[in-house]
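Student: Could you take a close look at one part of this model with me, the place where its domains meet, and then follow the helices from there?

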Amino acid sequence: MTTIRFENVWKEYDERVVLEQVNLSLDDHEFLVIIGPSGVGKTTLLRMLLSQEQPSRGKILIDGDPIAAEPTADRGVVFQRYSVFPHRTVLGNVMMGPQWAGAPLLGRFFGARRKALEERAMALLARVGLGEHADKYPAQLSGGMQQRLALAQALIMKPKVLLLDEPFGALDPGTRRSMHELVGELWEENRMTIVMVTHDLPEAFLLGTRVIAVDRRRNDPQAPERFGATIVSDFEAKCRSVRDSRLFEAERERVRLTLLGTTDVPADSPPVPALDHSR
Ligand SMILES: Nc1ncnc2c1ncn2[C@@H]1O[C@H](COP(=O)(O)OP(=O)(O)OP(=O)(O)O)[C@@H](O)[C@H]1O
């Protein structure tokens, strides 16, 4: 279970207020989409969720506890520009994170441990449609394939929270559509909380369970740096019954694939909770 809470969060750089009075409570397994004009502070919000930046004031709580001061493996990220390592193969890219986390000195597993990781990485690559490309290098992949690789790279760490910063911004419309499907499915299967930034409104409402707009509520023409942006609109993008039925369908598919023996869904992944119609 992962809940996220922003309590009166501000972000200032010297005299410049970028964000002010951000208050937000996210339920478990939410898909939050952040929209807003360019330069308003959307990426800054994501960077604070990754602990790449600290709030100047206020608190961010994950599962009720103050967010870790440093980036941790339970928060993954995919950026618009490809964040994969060009000198590693596709498989090497996916295996890298767990190896650095599990063997910080050498960055490399050996023997049975390596084999187990390789199997998990190959299953994940198959899941994102890159099973046939494990030995290629990123330069040999299309943009959409590189973003699939970036997703696999983030997912192998089993993040509780996945942050997506305009992940489809550089893709053509067809590839974008197939990525929408993939991300929607991965969100259901992995039961994570996703926070995504986009400039594309239809995309926001297609994918998000909740969409927030961030903008400046007040402006001082004499001192444009004086006021920051905050949440100006907050839409529940999908009603609870639609969300529950998507979860139900995902669980049915997971069970079907498990019975067929064709999925990498871990046997110990938690069951879908009973539908709650009281909310
Ligand atoms: N390290 C920093 N030092 C000073 N100012 C910064 C720093 N990082 C971000 N900013 C400023 O904070 C503001 C918000 O930046 P941010 O990248 O969060 O905006 P954004 O809404 O994601 O923009 P875009 O949609 O164009 O990507 C910008 O004006 C930027 O110049």
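**Domains and helix packing**

Tutor: Happy to! The C-alpha centres of domain 1 and domain 2 lie 27 Å apart. Domain 1 covers 1–74 + 160–238 and domain 2 covers 85–157, with bounds from an automatic or database domain assignment. This is a predicted model, in which local features need pLDDT of at least 70, side-chain atom pairs count only at pLDDT 80 or more, and totals for chains, interfaces and linings use all residues. Residues are numbered from 1 along each chain as its sequence is written.

The contact between the domains (C-beta atoms, placed from the backbone, within 7 Å) takes 11 residues from domain 1 and 10 residues from domain 2. On the domain 1 side, helix α5 (residues 173–190) gives the most, with 6 residues; helices here are DSSP runs of H or I, at least four residues, numbered from the N terminus. That side of domain 1 has 8 nonpolar, 3 polar and no charged residues, where Ala, Val, Leu, Ile, Met, Phe, Trp, Tyr, Cys and Pro count as nonpolar, Asp, Glu, Lys and Arg as charged, and the others, Gly among them, as polar.

Now to a helix pair. The axes of α2 (residues 90–102) and α4 (residues 143–155) come within 8 Å and cross at roughly 30 degrees; axes are lines fitted to C-alpha atoms over the stretch in contact, and angles run from 0 to 180 degrees between N-to-C directions. That makes α2 roughly parallel to α4, a term for angles under 35 degrees. Val-90, Asn-93, Val-94 and Gly-97 of α2 meet Leu-149, Ala-152 and Gln-153 of α4, a contact with 4 nonpolar, 3 polar and no charged residues.

Technical notes: Contact = placed C-beta atoms within 7 Å. Helix = DSSP H or I, 4+ residues; strand = E, 2+ residues; numbered from the N terminus. Parallel < 35°, antiparallel > 145°, perpendicular 65-115°, else oblique.
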